[in-house]
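The sequence and model come first.

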Amino acid sequence: MSNRVSIVTGATGEIGRVVAEDVVRQGKHLVIACRSLAKSKVLLGELKSAYPQSEIEYITLDLADKRSIKKFAETIQQKCYIVDELVCNAGILCQYESQNKDDIDMSMAVNYLGNVRLIELLERSLAHDARIINMVPSIRWGSISGDPFHPEDKFHRFRRYANSKLALYAYTQHLARKYDNSAISVYAVDPGLVDTMMITKGRWFEGIADIFLKPFVRTPEKGAETTLYLLSNRPQTTGMAYYDCKIMQFPSDMYTREEWTELWNNTQKYLTEII
Ligand SMILES: NC(=O)c1ccc[n+]([C@@H]2O[C@H](COP(=O)([O-])OP(=O)(O)OC[C@H]3O[C@@H](n4cnc5c(N)ncnc54)[C@H](OP(=O)(O)O)[C@@H]3O)[C@@H](O)[C@H]2O)c1
């Protein structure tokens, strides 16, 4: 087995599955990083029967749980794997107000802090020219000011989602600055509005909105296209957001440097917690 791996989080989801299958099709060693053991087993079985020679395994990862993330990163290290590709695809659109075990808003816990913790803990396992992809929708109305880990405003699923994804976008830019003098590339990907469990089960769009939005909703294959493009090409423009395989300019005033500094200082307190 090769010790060079491609990790896809949320591979049991619909966009993630397309990405995972493409990784396997290209003969890369795939690590399915998902919270559901049962779904991971099913996915592994399906991919193995379609690609019998493939190198695939699953390692459980719950991004809402810091212990699970630590255990995942330790397993990667113990196996002496070198991470060529890290596709941070897992994400949630919470339907109800909820927090993780550490009392952190669930959207922030999974979409932001869980990804940050994962990437930071995997740092020593990254290949010198690794690629990291974060899934970030076009967030025009999120906010990272104050304490987004413990929001006090009335719950609104899109606002919480947008805040957590804006935080992830700001972290993506932070990572790109950090790896500026290295061969590591970091990208943000907006897959567009994609017909997946996230928007259907979650009643993302409904009623009259359904009628208007349906023509613009993409298949998971289309939604995965930009991620697959970035995995097979290596654009120099690291730290940028991509949509339809092209750079998408986010407004520069979505967050201020002071807001990011405050968020990053708070984040580091969580990251340095002894587990
Ligand atoms: N669909 C869209 O329109 C759209 C638009 C913009 C961005 N995105 C982003 O694209 C990514 C993929 O979404 P999708 O549309 O393919 O949704 P999906 O089908 O619902 O897949 C989401 C995946 O994330 C996993 N996940 C959720 N919570 C997790 C946790 N705590 N720990 C580990 N994994 C967890 C899910 O696992 P389970 O299978 O166990 O639930 C699932 O595998 C997400 O980051 C999403 O925010 C989607």
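The largest nonpolar core holds 75 residues, and Val 8, Ala 20 and Ile 32 touch the most other members. A nonpolar core here is a set of buried Ala, Val, Leu, Ile, Met, Phe, Trp, Tyr and Cys residues joined through C-beta atoms within 7 Å. Helix α5 (residues 157-178) gives the largest share of this core, 9 residues. Helices (H or I, at least four residues) and strands (E, at least two) are DSSP runs, numbered from the N terminus.

This is a predicted model: local features need pLDDT of at least 70, side-chain atom pairs count only at pLDDT 80 or more, and totals for chains, interfaces and linings use all residues. Residues are numbered from 1 along each chain as its sequence is written.

Beyond its neighbours within four places in sequence, Ile 32 contacts Val 8, Ala 11, Ala 20, Ser 40, Leu 43, Leu 44, Ile 56 and Tyr 58. Contact means that the C-beta atoms of two residues, placed from the backbone, lie within 7 Å.

Phe 149 sits in the loop between β5 (126-135) and α5. Phe 149 counts as buried because it has 22 C-beta neighbours inside 10 Å; the cut-off is 20 or more, with 12 or fewer for exposed and partly exposed in between. Leaving out residues up to four places away in sequence, Phe 149 touches Ile 104, Asp 105, Met 108 and Asn 266. Phe 149 and Leu 263 are 114 residues apart in sequence, with 9.2 Å between their C-alpha atoms.

Two helix pairs are listed below. Axes are lines fitted to C-alpha atoms, for helices over the stretch in contact, and angles run from 0 to 180 degrees between N-to-C directions.

| Helix pair | Angle | Axis distance |
|---|---|---|
| α3 (residues 66-78) and α4 (residues 106-121) | about 25° | 9 Å |
| α1 (residues 14-25) and α8 (residues 220-232) | about 55° | 8 Å |

The angle makes α1 oblique to α8, whereas α3 is roughly parallel to α4. Angles under 35 degrees count as roughly parallel, over 145 as roughly antiparallel, 65 to 115 as roughly perpendicular and the rest as oblique.

The α3 and α4 contact is made by Lys 66, Ile 69, Lys 70 and Ala 73 of α3 and Gly 114, Arg 117, Leu 118 and Leu 121 of α4. These residues divide into 4 nonpolar, 1 polar and 3 charged. Ala, Val, Leu, Ile, Met, Phe, Trp, Tyr, Cys and Pro count as nonpolar, Asp, Glu, Lys and Arg as charged, and the others, Gly among them, as polar.
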